[in-house]
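Subject: Structure for your review

Dear colleague,

Please find below the structure that I am handing over to you. My findings follow directly after it, and I would be grateful if you read them with the structure open.

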Amino acid sequence: MRQIDLKKNLPQVLLLVLLTGLILCPLITVFAKAVIIDGRLDLYQAWQTIASSENVQTVCNSLLLGVCVVLCSTVIAVPTAYLLARTQLAKHSWLDIIFMIPFMTPPYIASMGWILFMQKKGLFQQLFPATGAWSEGFFCFGGLVLVMSLHVFPFLMTMLKNAMLNIPASLEESGAVFGAGFGLRLRRIFAPLLTGNYAIGALLVFVKTLSEYGTPYTLGRRIGFYVFTTDIHRYSTTAPIDFGRSASLSSILVCICMVMWLMQNDITNRNSYRLVSGKGSRPAQTKLSAAGKIGAWLWVALVVLVAIGVPYFSIISTSLIKLRGYGLAAGNFTLDHYKELLTTPKALSSIWKSLFLAVSSATICSVIGTAVVAAVRRAKGFCKKALEGISLLPEMLPSIVLVIGIMLFWNAIYKVLPLYNTIGIMVLAYVVLYLPYTVQYVTSAFTQINDSLLQAGRVFGGTPSYVFRRVTLPMISRGIFAGWMMIFIIAFRELVTASLIAPPNTLVVSTYINREFEQGSVSLGMAMAVLCVLITTTALLVFNRVTGKEKGA
Amino acid sequence: MKKSIVCLLLALSLCLGLAACGQKQSQEQDQTPQLSGKVTVYMPSPAGLADKLAEAFTAKTGVEVEQFQGTTGEILARLEAEQANPVADVVILASWSDGLSMKADGKLESYTPAGSDKVNKGWIDSDNTLFGSSASAVGVIYNTTVVPELNADWSDLADARYKDMIAIPDPEKSGACKDFLAGLVTGTADGESIMQSWADNGLTVPGANKAALEAVTTGEKGILIAGVDYNAYSSMAKGEPLNIYYPASGTVVNPRPAMILKTAPDMDNAKAFVDFLFSDEAQQLVADAYLLPGRSDVQCENRTNLSDIPQIPTDWAKMMDVASDTAAKLNSLCK
């Protein structure tokens, strides 16, 4: 009897060990590095490092940035979500895709686009010379907040939109029947129902902002605004390096994120309502007047212009400019940069490396992630909680912390497993970072499967593996594919991991672009950026086509 | 339909997986000593030159060159991070003082490269550990559409006429700029106050060498202080509206030291690579990249020659001591 138990639990235990090695060990290494100085536990000195005025400034900067980005993206996301969920604009489903573009654009490229657009003698001043130095006002804290909000708002918007769609019209109508005006209904019915979802969205935006490296690195550094990620990166890559310091900063960052998660959990638990039930409900619709409609479209156009128009105009035009010194001028355009890109082996190999990393990490994540979810569903007690918790941990933590941990940990065990300094360590790091995506997509696919289907399979004599292959797997395959696609897109453009642990001679798309920005030609970097966006968009379109067809079949 | 997609994906991931295995295998083979088929070189920009040198060396000797390209700061950081398991054989830095501090740490192998008798005086140190196979000098680079004519000396650049127009490469990233500042502070009487006066005049630090030059090329800034000359010459050759001069009170010519690490996994290849750096072929590549060649008998036609550049008297030992602090100080002044 006991033996059977062991056999049954073995896969779970193995998975738990695997996840511990991949995720927990690096994290523990970071904490250890922060408190162990010169071979002994030295909490006093660790505290001294943390409390140094420079670090306190960095922490305050990060928190301030996080709060402001949450506020600013709320201002952009809430009206847009409302328009897309509840008005006539809802029927234009292409708007959903359009609003995903800012999120798909690598943030370091978008912010570079903004810089080139707004800087002195930049594209804006070349287009509108009459405005004088007005656009240079962009280079301040507000500009940084704007650019970062424009990247993350689609996230919040999609979440709010889905939540709004789930609020049945009956609730609001009953409010109206009892004589509540529009404003009162908004305040007392609509807003409370959304609070739980908003808390989740706001928290994700906050954590994403704290973990974001690309924008603070390009734009923040320029205005002298240093945050966690830029400091951690600097301490670990520019001589004199100081891993102890980046580890202690990382530890603070982890603590902040954990506290935020607890707060969010609390808010969401106190404000969650069962809105989705088996009963049919119809979503509420607000009919906009003609003027309202014009206003709505103007708002959407404004958001699209700022979130997509400006950066893309800047990226594309820069990739076509021949001589940077003459800017936008007739005769100063060329396709040479693209030609150069497609003929230099270094550029091509960086594209292949990125594709390899994206495909392999997405595939490995899909396998491990699905196994984890399957195990979690079968496991009980501690095992279940531990598996679930650890597998989702990377999403709650800024990626730079995990990457530093992976660096330290794999360097420490280099004698045992010489994986560091090979492309293998990159695959490993990507898998660690993106595992939560698969876990989440597959979990949500699982929840839609009715247990009676599986029971029917067993009743008709299918072995567990047969039932898994022929019933479960086909039903969760869409979730796996969606997770795969998401990972592919994000891994393809990953910057901070690649710039920290890529072995010598290894450039990926993001580091290639960064290198061109810093040491080569900006135009070449932008041409690569355009190519990168084209590749991911094509992949997404193909994916949508394929899954769309499956649905039809 | 679904099956074929699954098959396709599986096949794709299998192919990529195999490709990765192949890669790993070849790396493992390379690490075994008897196969000494490669040399690992860490080189700073310009990337084009590094690639060409690597290519020419492979063509000549059949030894593969694994290179890591980065700024001086990144290379040093990488070396530090890899201390436990050294990977690099040869390191080239863009800063003589950083080379000297590596020597002081006892990391360098002594060697006399072939052709060392023709090398510029002082470009190989007395212990034969630093080999200056090329050099850059920093100058003042200006955008001719913003400032048509310029010949101001270092201290004149603090003039109100140039308020908010001046930029400088990040000395914590650019070795050349770091050494220049060290030279300015140690070699002239009022170096520190000149730095301060630039900062008061709105000096900005846009990034490493190329990023700083970019700010001047686009006209965002008008004047780049301590810009490395080879970047300017190559941009000017492309037709960008730039010009460069060396201020009259002198600048720092910075030999870029190539060094063999004591921990080099492929010592013989490392020595062969250093020999190659002083060959006619490599020196010509250096000159073509608008850098100053390390051998005195190689002249350049596309840029100012070494003898025509006014120089600040340099005391490298002193400069090495203050270089990092000066760099950090400039950055904090401009923050």
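How many Å separate the centres of domain 1 of chain B and domain 2 of chain B, taken over C-alpha atoms? The separation of the two centres is 25 Å. Please keep in mind throughout that this is a predicted model.

Chain B: the two domains

Domain 1 of chain B consists of residues 38-135 + 253-305, and domain 2 of chain B consists of residues 139-249 + 310-334. Between them, 21 residues of domain 1 of chain B are in contact with 20 residues of domain 2 of chain B. On the side of domain 1 of chain B that touches domain 2 of chain B, at least two residues each are supplied by helix H3 (72-81), helix H4 (96-104) and strand E8 (253-260) of chain B. H4(B) gives the largest share of that side, with 5 residues. By type, the residues of this side of domain 1 of chain B are 10 nonpolar, 9 polar and 2 charged.

Chain B: a pair of helices

Helix H5 (residues 175-187) and helix H11 (residues 316-334) of chain B have axes that come within 8 Å and cross at roughly 110°. Angles of 65 to 115 degrees count as roughly perpendicular, so H5(B) is roughly perpendicular to H11(B). Among the residues that make the contact are B:Leu181, B:Ala182 and B:Val185 of H5(B), together with B:Met319, B:Val322 and B:Leu330 of H11(B). Charged residues take part as well, including B:Lys178 and B:Asp179 of H5(B) and B:Lys318 of H11(B).

Chain A contains 24 helices and 2 strands. Its radius of gyration is 25 Å, close to the 24 Å that the globule rule gives for 553 residues, so chain A is as compact as a globular protein of that length. The C-alpha trace of chain A spans about 80 × 70 × 50 Å along its principal axes. Of the contacts in chain A with a separation of 6 or more, 79% are between residues 24 or more positions apart.

Buried residues account for 44% of the 553 residues in chain A. In helix H23 (residues 509-519) of chain A, 11 of the 11 residues are buried, so this helix is largely enclosed by the rest of the structure. Its buried residues include A:Ile513 and A:Phe517, and also A:Arg515, A:Glu516 and A:Glu518.

Yours sincerely,
A colleague

Notes: Residues numbered from 1 in each chain as written. Chains lettered and ligands numbered in written order. Predicted model: local features only at pLDDT ≥ 70, side-chain atom pairs only at ≥ 80, totals over all residues. Domains from an automatic or database assignment. Contact = placed C-beta atoms within 7 Å. Helix = DSSP H or I, 4+ residues; strand = E, 2+ residues; numbered from the N terminus. Axes fitted to C-alpha atoms, helices over the stretch in contact; angles between N-to-C directions. Parallel < 35°, antiparallel > 145°, perpendicular 65-115°, else oblique. Buried ≥ 20, exposed ≤ 12 C-beta atoms within 10 Å, placed from the backbone. Rg over C-alpha atoms; globule rule 2.2 N^0.38 Å.
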